Amino acid sequence: MEVHFSPHGGCTDAIVGELGRSERSILVQAYSFTSAPIAEALRSAHQRGVEVAVVLDKSQETEKYSSADFLLHAGIPTQIDRRHAIAHNKVMILDGRTVITGSFNFTKSAEESNAENLLIIRDPAIADLYTQNWMLHAAHSEPYQGKKSSDSGDRGSPGKKNKASSRR
Ligand SMILES: [Zn+2]
């Protein structure tokens, strides 16, 4: 077991290091994911043949700095979990052996500005429980389709709004 604290406690470096050593699989659940170095580490793992899959909170469809598009363009299966008020997990499961979790979101502000904690748990039995939970959420998630504008089209137009209300 390994523990890191932020700000500036090496959480991002620790995660990037673990991802770099993964050999087989990386499962990710993230609430907010904007960290460029972590996204890059996932892409390079994917490129060397590690099976990578990501489930994100629905906020990441509109979050301006979300890494979702980067992951999508890297060819990493990326899904959105809409089933919850917020999908607040911050979890990575590596090779079915290691779990990375804690309050630490995969973001720049978690690294640089916030008080956060991160645990790296090397225990296949714990990893198995987290994998089962990841599967449960992945099963009711939907493929990420690319970024949505936060003010989606029609809502601002009075004409369309009238039309919509007259229909009721
Ligand atoms: Zn879920």
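Residues are numbered from 1 along each chain as its sequence is written. Because the model is predicted, local features need pLDDT of at least 70 and side-chain atom pairs count only at pLDDT 80 or more, while totals for chains, interfaces and linings use all residues.

**Exercise 1. Work out how many helices and strands the chain has, and their order.**

Start with the rule: helices (H or I, at least four residues) and strands (E, at least two) are DSSP runs, numbered from the N terminus. Now count: you get six helices and eight strands. Then read along the sequence, and the pattern is β-α-β-α-β-α-β-β-β-α-β-α-β-α.

**Exercise 2. Decide whether K147 is buried, partly exposed or exposed, and find what it contacts.**

Next, recall the cut-offs: with C-beta atoms placed from the backbone, buried means 20 or more others within 10 Å, exposed means 12 or fewer, and partly exposed is in between. K147 has 15, so it's partly exposed. Last, look for contacts (C-beta atoms, placed from the backbone, within 7 Å). Skipping neighbours within four places in sequence, K147 contacts E61, A68 and D69. D69 is 78 residues away in sequence, yet 6.8 Å away in space, C-alpha to C-alpha.

**Exercise 3. Find which residues touch the most other members of the largest nonpolar core.**

A nonpolar core is a set of buried Ala, Val, Leu, Ile, Met, Phe, Trp, Tyr and Cys residues joined through C-beta atoms within 7 Å. Finally, check V28: leaving out residues up to four places away in sequence, V28 touches V54, V55 and M92.

Conventions:
Contact = placed C-beta atoms within 7 Å.
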